[in-house]
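Work through these exercises with the sequence and the model open. Try each task before reading its solution.

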Amino acid sequence: MGFAPSPAKPPRAENLVDMKKTIIRTGLETLYFSGMHHWMRPLLGGVGAILTLHHVRPPRDEAFQPNRLLEVTPVFLERLLRRLKRSRLDVITLDEMYRRFIENDFKRRFVCITADDGYKDFKRWAHPLFRQYELPYAMYIPTSFPDRIGELWWLALEYVVARNDRIGMVINGEQQYFDARSVREKRELYDAIYGYLRSMKTEDAVRKTVRDLCATYRVDIPEICRDLCMDWEEIAEMADDPLVTIGAHTVNHMMLKKVASDATVRAEMEMSRSVIEAALGKRPEHLAYPVGDPTSAGPREFRIASDLGFKTAVTTRPGVLFKAHADHLTALPRLSLNGEYQKQRYVKVLMSGAGTAFWNRFRRVSAA
Ligand SMILES: [Zn+2]
């Protein structure tokens, strides 16, 4: 890895990512096998949980898949849906979840299933499974994606690293070159550049850096959007199904906390709602913050979403739901179904609330 000589060294994302993965994995394994989540359930289990999906598609052979955590297989999803169908949990819509919070109706524990970004693979592989099991889900659409001008920069970066053996880029004002021959080098370089981008102070800086890389290495950013994301016609077909709720996910899928202007943040949320309403004839009442971790959505975003009248808004902060979230309906946590951990027992532990309780140091509401 060649980032070291740079004077202001970018964060060593690869180590952090590996460490976090290991903690999550060993943490969950330990909890599962010790059976600890069973006795913690009444204390930590909360009233329900919101699950997050992105891509659903059959596994691919490539060794270099830095974004694999964003996809699960149809087989995994089917097992999950079957299990939920047989369980004593209610699988409910976001509107019904909102009602339960407002009316303080927590007689039964519930799960909401959500999917972000509007990928074609979800329509092809996941939607038929939800129909088969007659379970509802919500899909959050960033309107620039069906408008075909979305910048899926994390995938553009993947393509640049996958297709080149040596990559040059300006890091902290200095041109540097990195080897990306072996799969290992590619993984390390991807994680380091990804971490460097995520550490940038503004969304504009992230986009500019990725656009420059793509121009140099001839990766067509809009083509990624056309290949992977549904167009409005496909979304409309899906949205016709009463099992499906369409939610807003901003226009340009920006990390809103890195956008200086309050007015821009407001416009991103408000315009995406209007565009979806114009395209589908139904006004979205629920929102997901792009990326959604604490560096992408914070108190300002939670307040603006609430001011704009969204019934609920979801983050990607990990956690289960408690009654106290009734006062934080625009800062809800979710549990991401991560492609790196496609074992049903992980889902079980996550939903018990034990895994994320450790992660959140036993604080129930994370809305700061
Ligand atoms: Zn997204």
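**Exercise 1. Which residues in α6 meet which residues in α8?**

Solution. Two notes come before the steps. This is a predicted model: local features need pLDDT of at least 70, side-chain atom pairs count only at pLDDT 80 or more, and totals for chains, interfaces and linings use all residues. Residues are numbered from 1 along each chain as its sequence is written.

Step 1. Locate the helices. Helix α6 covers residues 153-163 and helix α8 covers residues 203-216. Helices (H or I, at least four residues) and strands (E, at least two) are DSSP runs, numbered from the N terminus.

Step 2. List the contacts. W153, A156, L157 and V160 in α6 meet V206, R207, V210, L213 and C214 in α8. Contact means that C-beta atoms, placed from the backbone, lie within 7 Å.

Step 3. Get the geometry. The two axes come within 10 Å and cross at roughly 30°. That makes α6 roughly parallel to α8. (Under 35 degrees counts as roughly parallel, over 145 as roughly antiparallel, 65 to 115 as roughly perpendicular and the rest as oblique.) Axes are lines fitted to C-alpha atoms, for helices over the stretch in contact, and angles run from 0 to 180 degrees between N-to-C directions.

Step 4. Assign the hand. The crossing of α6 and α8 is left-handed. (Left-handed: the near helix is turned anticlockwise from the far one by less than a right angle; right-handed: clockwise.)

**Exercise 2. Describe how α6 packs with α7.**

Solution. Step 1. The axes of α6 and α7 are 10 Å apart, at an angle of about 145°. Their crossing is right-handed.

Step 1. On the α6 side, the contacts are W154, L157, E158, V161 and A162; on the α7 side, they are K186, L189, Y190, I193 and Y194.

Step 2. Follow Y194, which is found in helix α7 (residues 183-198). Y194 counts as buried, with 20 C-beta neighbours inside 10 Å. (Buried means 20 or more other C-beta atoms within 10 Å of the residue's own, exposed 12 or fewer, partly exposed in between; C-beta atoms are placed from the backbone.) C-alpha to C-alpha, Y194 and V206 lie 9.6 Å apart in space, and 12 residues apart in sequence.

**Exercise 3. Find the buried side of α8.**

Solution. Step 1. In α8, the buried residues are E203, V206, V210 and L213. They fall within an arc of 100° seen down the axis, so they line one face of the helix. The arc is that of the directions from the helix axis to the C-beta atoms.

Step 1. The face away from the buried side carries the exposed residues A205, K208, D212 and A215.

Step 2. Name the partners. The buried residues of α8 pack against α6, β7 (166-171) and α7.

How values were computed. Two residues are in contact if their C-beta atoms, placed from the backbone, lie within 7 Å.
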